[in-house]
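Subject: Structure handover

Hello,

Here is the structure you asked for. Please look through it before reading my notes below.

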Amino acid sequence: MTKMSTLCYIRRGGDVLMLHRTVKKNDINHDKWIGVGGHFEHAESPEDCVLREVREETGYTLTSFRFRGIVTFVYGEDTVEYMHLFTADGFTGDPVDCDEGVLEWIPRDRILDLELWEGDRIFLKLLEKDTDFFSLKLVYNTDDELEKAVLNGRELDA
C-alpha cells in the first residue's frame, strides 16, 4: 500500500506546536508526539494538503510556510508512505480542539525529550539546523524499530 501525506511543524517564538496522539484507537502514532498533518485528498498538491490539514486540526490558517523535504517511510513488507515535510512561522485564526489528540506548544529545546519515533528525531534535527531541502528514507520493521535511515542517498549510522 502506498500513501501520501503532509506533516507541518508550526513555530511560534521558541516553541513548536506538537500533537500528542492519544485519541484514535489502532493508531500507529498512539502516544507519540508529532507535527500536524495528514493524508492527501483527491487532486491535492502538498501545499493544498498541508493548508487543509493544519486548518482542520488546529483552526489556524498558515500565512508563512516552507516545504522542507520528503520523508519516505517504509513499514514492513507492504507499506510505503511519502510524507511531505513543512515548517511554518506565520498563521492566523483561533485554536480548536483536535480530534486526534492534544495540541501543545513545546519549547524547541524540549522536543527531543518527548515520546517520538526514532526517525522523527533525525528529521527534527535537520529542521532545527535549517538544513536545505532533503530526502530522508526511514525503514521500520513491524516491531516499530528503525532498521535503516538514508539521507539524500547516503545511509546514516545507526
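Predicted model: local features only at pLDDT ≥ 70, side-chain atom pairs only at ≥ 80, totals over all residues.

Residues are numbered from 1 along each chain as its sequence is written, and side-chain values use heavy atoms, with hydrogens and water left out.

The whole protein

The protein has 2 helices and 10 strands, where helices (H or I, at least four residues) and strands (E, at least two) are DSSP runs numbered from the N terminus. Along the sequence their order is β-β-β-β-α-β-β-β-α-β-β-β.

A compact globule of 158 residues would have a radius of gyration near 15 Å, and the protein agrees because its own value is 15 Å. That radius is taken over C-alpha atoms, and the globule rule is 2.2 Å times the number of residues to the power 0.38. The C-alpha trace spans about 40 × 35 × 30 Å along its principal axes.

Of the 158 residues, 47% count as buried, meaning under 20% relative accessible area, with exposed over 50% and partly exposed in between (1.4 Å probe, protein chains only). A contact means heavy atoms within 4.5 Å. Among contacts between residues at least 6 apart in sequence, 64% join residues at least 24 apart.

Helix α1

Helix α1 covers residues 46-58, which is 13 residues. The expected span is 1.5 Å times one less than the number of residues.

Which residues of α1 are buried? They are P46, C49, V50, R52, E53, V54, E57 and T58. An α-helix has 3.6 residues a turn, so residues three or four places apart point the same way. The cover over the buried residues of α1 includes strands β1 (2-12), β2 (15-21), β4 (36-39), β5 (61-75), β6 (79-92) and β7 (101-107). After α1 comes G59, with a positive phi near 90°.

Residue V71

V71 is in strand β5. Is V71 buried or exposed? V71 is buried, with a relative accessible area of 0%. Leaving out residues up to four places away in sequence, V71 touches E81, Y82, M83, L85, F123, L136 and L138. One of these, F123, is 52 residues from V71 in sequence, and their C-alpha atoms are 8.4 Å apart.

Regards
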